[in-house]
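Open the model in your viewer and keep the selection tool at hand. The stops below can be followed in order.

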Protein chains: 2
Amino acid sequence: MQGNRLHFEALTGLPMVRAGDDLAALICTAAERADTRFVDGDILVVAQKIVSKAEGRIVKLADVIPSPAAVDLARETEKDPRLVELVLRESTDVLRKKPGVIIVRHRLGIVGAQAGIDQSNVEHDEGEAALLLPLDPDASAARLRATLSKLTGKKLGIIISDSMNRPWRLGTIGGAIGCAGIGVLDDRRGQHDIYGRELKVTMINRADSIAAAAVLVMGETTERTPVALVRGFPPEESAQSARDTIRPLAEDLFR
Amino acid sequence: MQGNRLHFEALTGLPMVRAGDDLAALICTAAERADTRFVDGDILVVAQKIVSKAEGRIVKLADVIPSPAAVDLARETEKDPRLVELVLRESTDVLRKKPGVIIVRHRLGIVGAQAGIDQSNVEHDEGEAALLLPLDPDASAARLRATLSKLTGKKLGIIISDSMNRPWRLGTIGGAIGCAGIGVLDDRRGQHDIYGRELKVTMINRADSIAAAAVLVMGETTERTPVALVRGFPPEESAQSARDTIRPLAEDLFR
């Protein structure tokens, strides 16, 4: 599962993605134009935003009727009650709140600000809109992988990435919210170090590590290059998913 | 500050590092043997472990006398009291504890398990030992950069990496604990999206993102390749340090 050399490259030439678009077809067309030929083992990191857009996860704020709980939380956090309503609908738990910040546990298990809902680079013909995370990003990744495998004939891995905040460190890093066809956790528990002592910290989150560097080449603010190609890993057959990277609730020491 | 293509490669052929070793010289020798020629803009990611070893940050556990507080915490967490004593000396705050786990705020501001103290791949002639983080990893990075610049004549960036745990996600990822000569935070606040709306999440932690992928090519368990070369960024002059990536205490919602 290890690559001694890894190459990350933004895939250029994708059009703006709209609801109903076939991402696999768009990616193949862009790759052909860029003269990029996929090989077995290539991993495609795809920004959550275009997956959500293709899946029609855009919500017009004017259509959202905030609940009393959302109105209260919006007052407390100085946010738009309609946006807060969407945050609450997408979450199982509000972990922290203060003016300008709502940290929730998304129903997918991901802890972060505003349930991953984004308003930048989101257009809607009829006014303000918000973009939700895909309903099931692991399933989205699996579908994308199946279609791309058919179109290209290659064994590819897929990561759907999103920018994540962290409680004690400044600046976001890319993380994996959906995966297919890659080993997301490199579990070396039970292995030994070079002196024969059992290793302690031994489970590496490969999916997040790959997503982090991929987001650097994507340049997330402009959304012009929301797909990155990662080359250097051997082809993998893995049934692991991004859901496997969520720490179980019972192990959460910071609830 | 953006690279559209990034290449990560492990630097092979480094010897086992011991206290007093000149890391810059070891890296140059290994690079020469591997026929690797550095170019302006190259970033070297160096595992914390070999920096700590070179700086003699190894402690023989038999020499550590645990305080009463360490003895109590060791009982509560089922750990070696001498190790816990070292954890407490290295930290400003114990955030969470349970059997097998002590989460602290390291005096450098880094929140994590066991104050970054590692016992795997640490040898000592006189019995069990532990390896502490460098005293000032940003200063270590700056020194390494200065010596490497002199030896190579190139404008290089340095990141000292360590594996980090996260409260809500399984598996460690590499992060930056020391930096020199790179922009660690890519601050795009005030910039606008493609529809003219002001961006919200706009500060990317480049240092952590680079460290994450670098650790993948290093293969951290064997320690055979504790240095990675990252190529693709233009040369940078930045006075930012890893310390700049620590979220201020006043913003810590999870104390």
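Select B:E236 and B:R206 in this predicted model; both residues are buried. Their side chains meet in a salt bridge, with N to O at 3.2 Å. The two residues come from distant parts of the chain, 30 residues apart. B:R206 belongs to helix α6 (residues 206-218) of chain B, whereas B:E236 sits in the segment after β12 of chain B.

Stay in chain B and select B:D42 with B:R231. This pair also forms a salt bridge, and its closest N and O atoms are 2.7 Å apart. Which parts of chain B does the pair tie together? B:D42 lies in the loop between α1 (23-33) and β2 (43-47), and B:R231 lies in strand β12 (residues 227-231), so the bridge joins parts that are 189 residues apart in sequence. Now colour the two by accessibility. B:D42 has a relative accessible area of 0% and is therefore buried. B:R231 is at 30%, so it counts as partly exposed, since that class runs between 20% and 50%.

Move to chain A and select A:E90 and A:R57. Their side chains form a salt bridge at 3.5 Å, N to O. A:E90 is in helix α4 of chain A, and A:R57 is in the loop between α2 (48-54) and β3 (58-60) of chain A; the pair links distant parts of the chain, 33 residues apart. Are these two residues buried or exposed? A:E90 is buried, and A:R57 is buried as well. Over all chains, a search of the whole structure finds 38 salt bridges.

Next, select B:E9, which is found in strand β1 (residues 5-10) of chain B. Its relative accessibility is 18%, so B:E9 counts as buried; the cut-off for that class is under 20%. The side chain of B:E9 reaches a residue of chain A: it makes a polar contact with the side chain of A:R5 at 3.2 Å. Leaving out residues up to four places away in sequence, B:E9 touches A:N4 and A:R5 in chain A, and B:V217, B:V227, B:A228 and B:L229 in chain B.

From there, select B:F8. Which residues have the most contacts inside the largest nonpolar core? They are A:F8 and B:F8, and the core has 52 residues. Show the surroundings of B:F8, ignoring neighbours within four places in sequence. Its contacts in chain A are A:N4, A:R5, A:L6, A:F8 and A:A213. Those in chain B are B:I210, B:A213, B:A214, B:V217, B:L229 and B:V230.

Now select A:V217, which is found in helix α6 (residues 206-218) of chain A. A:V217 has 0% relative accessibility and so counts as buried. For a distance across the chain, pick the C-alpha atoms of A:V217 and A:V104: they are separated by 28 Å, and the residues are 113 apart along the chain.

Last, colour chain A by confidence. Its average pLDDT is 91, and 93% of the residues score at least 70. Where is confidence lowest in chain A? It is lowest in strand β10 (residues 185-187), at a mean of 86, and highest in helix α4 (residues 81-90), at 98. For the complex, the predictor gives an ipTM of 0.94 and a pTM of 0.95.

Notes
Residues are numbered from 1 along each chain as its sequence is written. Chains are lettered from A and ligands numbered from 1 in the order in which they are written. This is a predicted model: local features need pLDDT of at least 70, side-chain atom pairs count only at pLDDT 80 or more; totals for chains, interfaces and linings use all residues. Side-chain values use heavy atoms; hydrogens and water are left out. Helices (H or I, at least four residues) and strands (E, at least two) are DSSP runs, numbered from the N terminus. Buried means under 20% relative accessible area, exposed over 50%, partly exposed in between (1.4 Å probe, protein chains only). A polar contact is a pair of N or O atoms within 3.5 Å; within protein, one must be able to donate a hydrogen and the other to accept it, and residues adjacent in sequence count only if both atoms are side-chain atoms. Contact means heavy atoms within 4.5 Å. pLDDT is the predictor's confidence in each residue, from 0 to 100. A salt bridge is a side-chain nitrogen of Lys or Arg within 4 Å of a carboxyl oxygen of Asp or Glu. A nonpolar core is a set of buried Ala, Val, Leu, Ile, Met, Phe, Trp, Tyr and Cys residues joined through side-chain atoms within 4.5 Å.
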